[in-house]
Amino acid sequence: MRIIEGKTNIISGFLTYLQDESKLSFGDVEYLAFPENENDVCEFLKFCRDKNIPVTISNGKTGVVGGAVPVAGALMSLEKFNKIFGVNKNGDEYRVRLESGVSLDEFYKFLENENFSGSTPLKYFYPVDVTESTAKIGGTVSTNASGERSFKYGPTRNWVRSLRVVLSDGNVLSIERGKIFADGYDLEIKLSDGSIKKIKIPNYKMPSVKNAAGYYAKKNMDLIDLFVGSEGTLGVVTEVELALAKKPENIIVLLAFFPQEQNAMNFFFECKTILKSAVVFEYFDKGAFELLRPKMADLPSAQNSAIFFEIEYTDDNLENTMSAIGKLLKKNNSSMDNTWGGFEKKDIEKIRQIRHSIPETINETLARTKQKYPAIHKISADIAVPAENFLEMVSYYKSKLEPLKLQYTLFGHIGEHHLHMNILPRNNKEFFKAKELHLDFAKKAVLLGGTVSAEHGIGKIKHQYLEIMYGKKGLKEMAEVKKVLDPKGILNRGNIFNEEYLNA
Ligand SMILES: Cc1cc2nc3c(=O)[nH]c(=O)nc-3n(C[C@H](O)[C@H](O)[C@H](O)COP(=O)(O)OP(=O)(O)OC[C@H]3O[C@@H](n4cnc5c(N)ncnc54)[C@H](O)[C@@H]3O)c2cc1C
């Protein structure tokens, strides 16, 4: 295993390892390790544990909450964990076992070339379509990542069948879904050395929405779910077994434009009720249009919002489906003429590209502002609320943002009542106001039964929002779980909760 030692050596040659997409400042790291196998991970963790060195786990570095950014001590990159062991069949389900440093892109490519025991053309796929597909499997498991298709297929958690995890003392757990359950809120893990770890599952109630905030905690829960979404605070995931989904026969992708945001929202709610074969529903508001227009001259000029949706169809039901969509478009001030559609891969890619351009354009805009105001960054809420409270949350955003004339956009996963609320401050005054608003929005979301992070996790920058959601009591309960599995608190320090909870 290669280990780079010394802060100066690391800073001079390996700076990119100390960052992720949060662009958070990194701490003083003395060791940068590149383990090549599970044994290396065990040895390095034992070394760190004995010397009380905090270890941060770094994988694809696409996280946006600073989870992979080290605070101090050591950084362990899993980039050498890039093997795909192949497809296996369990009952009717196809599964793939792979190391945690394989990227989603590599995984998708592998599946495209797989013939599934002779059943061509391709019939199975991995449905978690995280927008940033350079993310690595271990990162997506540790953040319980999701994507556009989570509307139909759910987040990563739904597809994880087994994990291999190295604990901070070097013990290795091999966990299969469906094998070890909590007895109420008591969970026992038997280690290979014969010792037993007794865990008290936190008893806060998780919101009934898409959620990536804090530890998964439920009465009688499966052990595997404790590790999925735990942001590397409980162990290092080395290997993952993921289930595949049956590929739909045909998909059509549509981008319907509307003159008013309310039209787009109404269309979504009505469409969701009648279109049982929808896989994706995404929303773009007028702020997104304002950002995209300078880049995309062909965006319809009289329209200021859109719904992007994907539908599965068969040759038998296509005509009826399109006719039903046409009627709903008309009812909501749009039409098939105001809708871009595609059956072919290149059309589908073009439409999807629009969706992907939004975060890129936000980042470019902010980079320009930062030249004048270096302290500024994007204020981004990752809130989801229950369906019945979604419109109230949207009006709340607007009631606070509009009077202040802030530049903002609401876009994303409307199918799961989860919009990314991004404020783009243009000066320091707007930046501080936007930060205050984010806190206010988090409180409102919790009051409405929602989550402060539906997708990106808590990392090092959203602690205060998690406290709003679960209170100090909930955070203490999470910290108690960590103390059992990582008694010296060396793993991914600073993620999910502050050190004060570990020292209490
Ligand atoms: C443009 C853009 C679009 C994005 N779109 C989405 C989206 O659609 N959906 C979504 O959910 N997220 C999205 N993200 C966020 C990010 O891609 C996900 O959080 C992703 O899961 C991170 O994977 P990674 O390999 O890059 O992890 P990293 O950033 O390297 O790490 C993320 C966290 O997981 C921990 N970790 C990583 N590997 C392991 C391991 N093997 N064992 C234990 N802990 C580990 C790290 O320590 C860190 O806390 C987006 C990010 C960007 C920049």
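My entries on the model follow.

**Entry 1: the model and its limits**

I note that this is a predicted model, in which local features need pLDDT of at least 70, side-chain atom pairs count only at pLDDT 80 or more, and totals for chains, interfaces and linings use all residues. Residues are numbered from 1 along each chain as its sequence is written, and side-chain values use heavy atoms, with hydrogens and water left out.

**Entry 2: salt bridges**

I recalled that side chains of opposite charge can pair when their charged atoms come close. A salt bridge is a side-chain nitrogen of Lys or Arg within 4 Å of a carboxyl oxygen of Asp or Glu. I searched the whole structure and found 35 salt bridges.

I looked up R95 and E93, whose side chains form a salt bridge of 2.8 Å from N to O. Are the two residues buried or exposed, or in between? I used these classes: buried means under 20% relative accessible area, exposed means over 50%, and partly exposed lies in between (1.4 Å probe, protein chains only). R95 is buried because its relative accessibility is 14%, whereas E93, at 22%, is partly exposed. I also recorded a network of salt bridges that links E93, R95, R161 and E241.

I then turned to D186 and K200, which form a salt bridge with their closest N and O atoms 2.7 Å apart. D186 lies in strand 10 (residues 186-190) and K200 in strand 11 (residues 196-200), so the pair ties together parts that are 14 residues apart in sequence. Helices (H or I, at least four residues) and strands (E, at least two) are DSSP runs, numbered from the N terminus. D186 has a relative accessible area of 39% and is therefore partly exposed; K200, at 54%, counts as exposed.

E467 is partly exposed at 27%, and K472 is partly exposed at 45%.

**Entry 3: aromatic rings**

I recalled that a pair of aromatic rings is described by the distance of the centres and the angle of the planes. Rings of Phe, Tyr and Trp (its six-membered ring) pair if their centres lie within 6.5 Å; planes under 30 degrees apart count as stacked, over 60 as edge-to-face and the rest as tilted. How many aromatic pairs does a search of the whole structure find? I found 23 aromatic pairs.

One of them is the tilted pair of F14 and Y17, with 6.2 Å from centre to centre and 45° between the planes. F14 is buried at 16% relative accessibility, and Y17 is buried at 13%.

F107 and Y126 have ring centres 5.1 Å apart and planes at 45°, so this pair is tilted. The pair links distant parts of the chain, 19 residues apart: F107 is in helix 3, and Y126 is in the loop between strand 7 (124-125) and helix 4 (137-142). F107 is buried at 0% relative accessibility, and Y126 is buried at 2%.

I also noted one aromatic cluster, formed by F151, F258, F267, F268, F269, F281, F309 and F390.

**Entry 4: a residue in helix 3**

I looked up D105, which is found in helix 3 (residues 104-112). D105 is partly exposed because its relative accessible area is 36%.
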